[in-house]
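Please look over the model shown below before reading the points.

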Amino acid sequence: MRHRRRDLVASARGLAALALSSFPLLPLLVLNLNHGATLERWGSAANAMLVVYVPYALVVLTALAAHAVLPWEVGYLATAVLLGPLTLVRPLVAVGGAAFAWFAVDALLVRLGVVVALVVILSVERDVSLRWYRPARA
């Protein structure tokens, strides 16, 4: 089966979702820079988030790599054992990264940016699923 067209449509939708979900952060960044918050503070918040997000991402990527290269029985087992529970804790990981970033910086507007980023992280998957992949009504 060829899925090339569907893959291209899904990729375009993903890029559109990224652009639309990142839009609220741009005015906030400009507002921050005009009120004395420096890029270093934004960088500190981003680094704090990455301390939480990178280990999670590495485990997810390891499960996907196992699925891709190991014999199918072991690959599916690795996917089920790792990706199933990790999907359930993804919102907690997002909140944990935002909380770590919140305490890593002392600039109120950067903290507001962390909250906006968290809202985007938590809402984009649900919004995309509802908008583009809702089952057809009979």
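1. Charged pair. A salt bridge here is a side-chain nitrogen of Lys or Arg within 4 Å of a carboxyl oxygen of Asp or Glu. The structure holds one salt bridge. The partners are Asp106 and Arg41, whose side chains meet at 3.9 Å, N to O. Asp106 sits in the loop between α4 and α5 and Arg41 in helix α3, so the pair ties together parts that are 65 residues apart in sequence. As background, side chains of opposite charge can pair when their charged atoms come close.

2. Basis. This is a predicted model, in which local features need pLDDT of at least 70 and side-chain atom pairs count only at pLDDT 80 or more, while totals for chains, interfaces and linings use all residues. Residues are numbered from 1 along each chain as its sequence is written, and side-chain values use heavy atoms, with hydrogens and water left out.

3. Exposure of the pair. Buried means under 20% relative accessible area, exposed means over 50%, and partly exposed lies in between (1.4 Å probe, protein chains only). Asp106 counts as exposed, because its relative accessibility is 62%. Arg41 is partly exposed, with a relative accessible area of 33%.

4. Overall layout. Helices (H or I, at least four residues) and strands (E, at least two) are DSSP runs, numbered from the N terminus. The chain has five helices and zero strands, in the order α-α-α-α-α. Of its 138 residues, 24% count as buried. Contact means heavy atoms within 4.5 Å. Among contacts between residues at least 6 apart in sequence, 72% join residues at least 24 apart.

5. Core. A nonpolar core is a set of buried Ala, Val, Leu, Ile, Met, Phe, Trp, Tyr and Cys residues joined through side-chain atoms within 4.5 Å. The largest such core has 20 residues, and those with the most contacts inside it are Ala45, Met49, Ala101, Val110 and Val114. Two or more residues each come from α3 (39-69), α4 (72-104) and α5 (108-132). The largest share, eight residues, is from α3. Leaving aside neighbours within four places in sequence, Met49 is in contact with Gly97, Ala98, Ala101, Val114 and Ala117.

6. Helix α3. The bend at a residue is the angle between axes fitted to the seven residues ending there and the seven starting there. In α3 a kink of about 35 degrees lies at Val51, shortly before the proline Pro55. The buried residues of α3 are Trp42, Ala45, Ala48, Met49, Tyr53, Tyr56, Val60, Ala63 and Ala66.

7. Helix α4. Where is the kink in α4? It lies at Val89, shortly before the proline Pro91, and comes to about 50 degrees. The buried residues of α4 include Gly75, Thr79, Leu83, Leu86 and Val93.

8. Ile121. This residue is in helix α5. At 39% relative accessibility, Ile121 counts as partly exposed. Not counting residues up to four places away in sequence, Ile121 touches Tyr53 and Ala94. Ile121 and Pro91 are 30 residues apart in sequence, and their C-alpha atoms are 8.4 Å apart in space.

9. Gly14. Helix α1 (residues 4-22) contains Gly14, which is partly exposed at a relative accessible area of 39%. The C-alpha atoms of Gly14 and Val124 are separated by 9.9 Å, although the two are 110 residues apart along the chain.

10. Surface. Accessible areas come from the Shrake-Rupley method with a 1.4 Å probe; for residues, only the protein chains shown count as cover. The accessible surface of the chain is about 9900 Å², of which 71% belongs to carbon and sulfur atoms. Patches are made of residues with over 30% relative accessible area and no salt bridge; like charges are joined within 9 Å and nonpolar side chains (Val, Leu, Ile, Met, Phe, Trp, Tyr) within 5 Å. Leu50, Val54, Leu58, Leu61 and Leu64 form a nonpolar patch on the surface, with about 440 Å² of accessible area together. Leu61, in helix α3, counts as exposed at 51% relative accessibility.
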